[in-house]
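Subject: Structure handover

Hello,

Here is the structure I promised to pass on. Please open it and keep it beside this message as you read.

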Amino acid sequence: MSVLRVVLGDQLSRDVAALRGLDVAHDVVLMAEVMAECTYAPHHPKKIVLVLSAMRHFAAALRARGVAVRYVRLDDPDNTQTLGGEVRRAAAALRPARVVATAAGEWRVLEEMRSWPDAEIRDDERFCAPPGFFAKWAGAKGAGRMEFFYRAMRRHHNVLMEGDAPVGGRWNFDVENRKKLPATVAVPEVAGFAPDAVTRDVLALVAGRFVAHYGSVDGFDYPVTAAQARAGFRDFLETRLARFGDWQDAMAADAPYLFHARVSAPLNLGLLNPLELCRAAEAAYREGAAPLNAVEGFIRQILGWREYMRGMYWLHMPDYAAKNALGAQRGLPELYWTGQTKMRCMAQVIGQTMRYAYAHHIQRLMVTGNFALLAGLAPDEVDQWYLAVYADAYEWVEMPNTRGMALYADGGIVGSKPYAASGAYINRMSDYCKGCYYDVRQATGARACPFNALYWDFIARHLTLFEHNPRMAMPVRAWRNMTREKAEQLRQRAGFLLHQIEQDAEI
């Protein structure tokens with residue numbers, strides 16, 4: 001044997017760097033299910049099933065090609081239950097000339113990898129931005145808005161371009177992605193994948209070992225192979241992409257997926273190639289199968305936001321993980337784990353998350369994230385929650401979205417302003433407010449929507465900071481022009497709500 005090649009659970013791609021130059025006759029691939037990775041956050045059981053089942057299927061595919069795979073299962077009695085422990089145990093048993101691995105996507109894992117004996121750590125080249133591209137683009141200041149990075153990526157890969165100009169004469173059709181879903185629009189079913197024997201074994205293992213984690217394994221239907229992931233994406237292209245653009249930001253009760261692709265979880269595992277998804281969506285536009293606002297909106301999520309978040313994470317870590325620009329310290333209330341609240345929007349999104357380990361970007365940003373921002377919840381605790389509850393969550397993509405976009409804890413590195421909103425935004429973009437215990441039209445009083453008073457209290461708490469931000473000029477001016485009586489009523493209502501949150505009392 002010459003090389004021990006380590007493949008992590010979110011590196012399930014045939015062309016991952018650790019497998020480049022693989023010598024089938026002599027090399028061994030190491031894959032290990034370890035408790036440390038299942039429990040560093042209390043991951044949703046569906047996420048654990050997804051990762052472990054996808055790993056086992058990937059290992060089987062390697063073996064079918066004649067590759068020797070040393071696969072360590074979670075319940076193996078000799079399992080050290082850490083990645084480093086399994087690498088060292090394999091190295092001691094096999095005595096390879098060297099160890100080859102692909103750089104981990106999370107800072108904490110990469111730091112551990114650097115301690116592995118005789119390890120060659122290769123860049124992860126499965127992303128659209130080549131190694132070094134983002135740092136060069138961001139420059140010495142380590143800053144720059146996503147929109148301009150997105151344009152650079154479009155030019156670099158010649159996606160939705162006509163020469164040096166964007167197709168349709170505009171780079172961004174975001175203003176055409178904000179329609180509220182009419183009740184008359186039928187939402188198609190999303191393709192699911194019945195568990196096979198491999199997945200059923202994992203379901204039994206996870207159901208028995210992670211009963212204390214948020215959510216359950218019931219109804220698991222995620223794709224666990226590259227073939228299934230591609231089939232799921234084809235289903236999106238054929239049944240939902242054409243209407244994705246209009247209702248990309250919409251939310252509806254008991255409709256978790258709407259017209260979204262549900263590809264982020266298999267994409268972040270390595271089962272799909274991001275650039276291939278973008279080119280397939282572009283082909284749909286050029287063939288007349290989907291409008292430009294839908295295709296551009298989908299491509300922006302992958303070629304723009306996903307790559308931008310990864311770039312920002314690696315450019316600013318590890319300091320980024322400690323940022324708390326607004327000094328938020330309040331503990332995460334229990335309602336985030338139970339969904340028990342009279343706020344229908346929060347109950348809907350959290351309940352959906354518990355069932356599916358999924359919520360789309362507006363549900364995360366403008367409902368659960370917005371509430372956390374307005375309530376001043378501690379970024380560390382909010383980070384941990386988002387990392388735990390979603391099947392697609394890995395720190396490199398979760399943290400900049402949560403700490404940067406949702407909480408403004410980075411002080412404006414990712415977003416130019418806090419994405420704070422009252423209940424009016426949620427009412428405009430969803431049907432959640434219908435039938436809610438609270439009245440979205442009211443800001444004070446026992447039945448007033450909590451988002452309204454909390455929004456104005458948030459503006460008041462950070463008035464000195466926000467008055468220097470041009471994008472916050474309107475709410476700052478509105479607060480300053482408010483009558484003293486109204487301002488006091490709003491702050492009293494917010495004070496009561498914040499006390500309830502601190503006491504974990506129902507709101």
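Predicted model: local features only at pLDDT ≥ 70, side-chain atom pairs only at ≥ 80, totals over all residues.

Start with the open sheet. Five strands build it, in the order E3-E2-E1-E4-E5, and their pairing is parallel. Strands E3 (68-72) and E5 (119-122) are the edges, and each of them pairs on one side only. From one strand to the next, the twist averages 25 degrees. As background, strands of a sheet pair through backbone hydrogen bonds, either parallel or antiparallel.

Now look at E1, residues 3-6. Val-3 and Arg-5 point one way from this strand, while Leu-4 and Val-6 point the other way. All four are buried.

What does E1 pair with? Strand E4 (residues 98-102) joins E1 over four bridges, in the parallel sense. There, Val-6 stands opposite Ala-101. Strand E2 (residues 28-32) also runs parallel to E1, with three bridges between them. In E2, Leu-4 has Val-28 as its bridge partner, and Arg-5 has Val-29.

A helix covers part of this sheet. Helix H2 (residues 45-64) packs on the sheet and touches E2 and E3. The direction of H2 makes about 160 degrees with that of E3.

**Two crossing helices**

Next, find helix H19 (residues 450-461) and helix H22 (residues 484-502). Two packed helices are described by the angle between their axes and the distance between the axes. For H19 and H22, the angle is about 105 degrees and the axes are 8 Å apart. Angles of 65 to 115 degrees count as roughly perpendicular, so H19 and H22 are roughly perpendicular to each other. From H19, the contact residues include Leu-454, Trp-456 and Asp-457. From H22, they include Leu-490, Arg-493 and Leu-497.

**Aromatic rings**

How many aromatic pairs does the structure hold? The count is 32. One of these is Tyr-257 with Tyr-358, a tilted pair at 4.8 Å centre to centre, with 50 degrees between the planes. Tyr-257 is in the loop between helices H9 (241-244) and H10 (264-269), and Tyr-358 is in the loop between helices H14 (344-356) and H15 (361-375), so the pair ties together parts that are 101 residues apart in sequence. Tyr-257 and Tyr-358 are both buried.

Phe-458 and Phe-466 also make a tilted pair, at 5.3 Å centre to centre and 50 degrees between the planes. Both Phe-458 and Phe-466 are buried.

Charges sit over rings at two places worth a look. Lys-47 lies over the face of Tyr-394, 4.5 Å from the ring centre. Arg-114 has its charged end over the ring of Trp-107, 6.0 Å from the centre.

**Backbone details**

Which peptide bond is cis? Check the one from Met-317 to Pro-318, where omega is near 5 degrees. Pro-318 is in the loop between helix H12 (292-316) and helix H13 (335-338).

Then check two residues with positive phi. Leu-160 is not a glycine, yet its phi is near 50 degrees. Leu-160 sits in the loop between helix H6 (146-157) and strand E6 (161-162). Its relative accessible area is 0%, so Leu-160 is buried. Arg-262, also not a glycine, has a phi of about 55 degrees. Arg-262 lies in the loop between H9 and H10. With a relative accessible area of 8%, Arg-262 is buried.

Best wishes

How values were computed:
Residues numbered from 1 in each chain as written. Heavy atoms only, no water. Buried < 20%, exposed > 50% of the residue type's maximum accessible area, 1.4 Å probe, protein only. Pairing = 2+ DSSP bridges. Phe/Tyr/Trp six-rings, centres within 6.5 Å; stacked < 30°, edge-to-face > 60°. Lys NZ or Arg CZ within 6 Å of the ring centre and 35° of its normal. Axes fitted to C-alpha atoms, helices over the stretch in contact; angles between N-to-C directions. Parallel < 35°, antiparallel > 145°, perpendicular 65-115°, else oblique. Contact = heavy atoms within 4.5 Å.
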